[in-house]
Structure formats: structure tokens, C-alpha cells
Amino acid sequence: MINGVNSFAQEKPVRTNPWTPAEIGVLPPLPSLTNGVWLKGELHLHSRHSKESSNNSIGKVLAFCKLVGIDFICITDHDNHVDGDVANNTWADPEFKSDSVLLLYGAEWTTTRGHGNAFSAKPYDHQRLFDVRDQRDVIVGAVKKGLGIHLSANHPSGKDNFGYSYDMVESVEVWNSSLWSKNANAIMIWDDMLSSGRKLTGRGGSDAHHGVPDSPDKASSNTYQRKANYAGTPTNWVFATARTQQAVVDALTNGRVSVSANPFAPRVEFYADLDQNGKPDMMMGDNAKSTGKPVKFRVQLSGKLIADSSYTINVVKNGGSFGSFKANAKTSFIEFTDSPAITGRTYYRIMVEGPQTAYPQVPESMALSGNMVALSNPIFFNFDPNF
Ligand SMILES: [Zn+2]
Ligand SMILES: [Zn+2]
């Protein structure tokens, strides 16, 4: 106080926040909407190489995937039971081969600060990631980058939640297991990350550990789980440029992904027509610069919808509710129009509720999933690729 006047108030400097989102430059061209194939897969499952797993040989898992038409899988055994030496068990198992299912290389990075899944199209030195698990995030992030792998935060709000910086992951497990109700906080964390400018892919994973015993005497105390949660609960759909491991990982990184309750449930596809010429220009995972003009969005439910039933399509905009629409087997799409802000970021994503499609191979999963049918990744506007 000088002569009764608050000098701070008088001399308050004009301050600008250097981190305020500035107008972003030219974004890379949008990838093709037609040059690709929809593939479905499982991204979190444990075989007998995880010590708390039972009756789940890799051969059993892959035969099941083939049976239900799963196109790709990452068997994510825990790394710690073999001191990180993943390359010498899961991947080296003679049963780790398939003539129909694309096998990704990965493991569940199992650490004091939680769990994350590593995904790769080819073998990598997992031991290096295991070795730095208790180091500071800048060190972990550098090692992860050097390995060239896709890292994903697992069950972010449950037991063994991912306790590292989300700046070093490409995706988040927003749908863990058939028990949908436990994922509410994971969805909240995902929206927080998206709203703060982190373009992270949302994905699912059953986290199944237990298979069918060869004979009744081989059953374990967890055998009952097999009927309720197994490969495909939930199912990840990726729009991949080819039927290859690398194209699957790339689609996952780019967010051209939606998740359905099981392999037979409808798949949600989300498109936007930027210039309103009647043809979509972008899909979920894609990022465009907003012109301030209205954009027409289209949500398509593909696959087999249950006749005489209604599906509710909830649109989330920037973490909040934008609107709710109805679709059914006869009219399996909805459209809406909105103008993304010309400055600052905007994202839209989709959640679909409705009747459960039967999954006879995992019959008790339907009740656990409740009304949750599918979710999409966002369509993004003005997200800075250099964030
Ligand atoms: Zn875990
Ligand atoms: Zn797991």
C-alpha cells in the first residue's frame, strides 16, 4: 500500500498466456475414406503365459478368434513374471501362429505405477521398456519412443490404473471387459485428455484370462468367467489401409477405430461432410481445420441391427452432451449439422445404446454390457498435430 492505494492494482501488467491455442497452420491432407478395410480385433487378452490365467493356451485363443471371425489380436501377457523377457515366451510359443488371424506383438507392461499395453507390428525389445518402468516419465517416454511402439493406458480408473503421463501414450482403454458399468471414469479421463488437446484413441479390450478346461477336473475357480468375458468383449473395429499388422497399428494410432460390445454387434461409423456436397470428407480419428461454416455429420450403424428395436445415438461434443437421436434396422443412420468453432479445438464423438446382439460363444457377456452397444472415436477440428 502506498498512500492508501494498492500499487499492485495500479501497475498490473498486461499479460498474455503464451500457451493459449493459436491458429494452427495447414493440416496434412485427410486420408482416403474408401481405400481400406474394416477389421475387427481383440487388444487385451492373457494366455497361459500370464500366471493368473487358466486353461488359456494360445492355440485355444486363436482357434476361438478364427471361429468368431476376429481378424487381429494382441495377446498381452504380463511382462513381469518372466522379468520382461516377453520375446522368449508368448511370441516364441510354437502356437503363436495363425493362417487367418493377424498377430500383433505386445505385452501388458505391468509396473508399480499401473498397467499399459504395448502394441507393435513386429517384435521389439520389450526388456528395455520393462527395465525403465520405475524411472521418471521423461526417461520412460524416450525409451518408448526409441522402441517405435504404440503404448496404451490400460483400465485407467480401476485397479492398477495407468499412473504415468498420458503424454507418452497413443491410446486409452476406455472399454475394459464386458462389464461396461465400470468404465464410466475411464470415459471421463478420456474426455479430459481430449478436451486438453491430446488426440488419444479410445479402444477396448476384454482383459480375459480364462479359457474352457479340457476336462472338468482341470477347471479353476475362475473358469466361470469364460462365459461372461472372452475375446471380443468388447470388439475393436479399425479401418485399416490393408490387412496387415502395420496397417492395424497405424489405424489404432490414427483413431480410425470404433468399439462394439461383441463381434456380431453393430459397428458405428462416424463421418463428416465439410463442404456439404453430399459426400463425406472425413471419418472418426480425422482432424480438419474449421472454416466456421456448418458441417454435416453422419452416424452409420453397420452390420446386423436387431429388427423392431430402437438404438439411441448420443453425440458428445467437447465432453458434454450435444444431442440424442434414434436409429433402427430400417433407418440405420442419423445426420446432424453443427458449426465447429473457427478458433480453438472442437471434437465430436458417438456413444450408441440399445439392445444387445447375441454372442452365443460368450453368452453371459450380454447381460453385463447392459445397453452399451458401441462407441466411436472423435472427429476433430483444429487439433494441433504438433501438440
Ligand atoms: Zn492390467
Ligand atoms: Zn490385463
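Let me begin with Ser365, which is buried at a relative accessible area of 3%, where buried stands for under 20% relative accessible area, exposed for over 50% and partly exposed for what lies in between, with a 1.4 Å probe and protein chains only. Please keep in mind that this is a predicted model, in which local features need pLDDT of at least 70 and side-chain atom pairs count only at pLDDT 80 or more, while totals for chains, interfaces and linings use all residues. Residues are numbered from 1 along each chain as its sequence is written, chains are lettered from A and ligands numbered from 1 in the order in which they are written, and side-chain values use heavy atoms, with hydrogens and water left out.

Ser365 belongs to helix α7, residues 365-369; helices (H or I, at least four residues) and strands (E, at least two) are DSSP runs, numbered from the N terminus. What is Ser365 in contact with, leaving aside its neighbours within four places in sequence? The partners are Ser178, Lys227, Ala228, Thr233 and Tyr359, contact being heavy atoms within 4.5 Å.

One of those partners, Thr233, is joined to Pro234 by a cis peptide bond with an omega of about 5°, and Pro234 sits in the loop between β7 (201-205) and β8 (235-240).

Turning to the backbone elsewhere, Gln276, in the loop between β10 (267-273) and β11 (282-283), has a positive phi of about 50° although it is not a glycine. Asn318, in the loop between β14 (310-317) and β15 (320-328), also is not a glycine and has a positive phi of about 50°.

Finally, the salt bridges, each a side-chain nitrogen of Lys or Arg within 4 Å of a carboxyl oxygen of Asp or Glu, come to a count of 16. In one of them, the side chains of Asp99 and Lys66 meet at 3.2 Å, N to O. Because Asp99 lies in the loop between β2 (72-75) and β3 (102-111) and Lys66 in helix α2 (residues 58-67), this pair ties together parts that are 33 residues apart in sequence. Asp99 is exposed, at 70%, whereas Lys66 is partly exposed, at 48%.

Glu269 and Arg267 form another salt bridge, with the closest N and O atoms 2.6 Å apart, and both residues are buried. For Arg298 and Glu335 the corresponding separation is 3.3 Å, and this pair links strand β13 (residues 295-302) with strand β16 (residues 333-338), 37 residues apart. Salt bridges that share partners join Lys296, Arg298 and Glu335 into one network.
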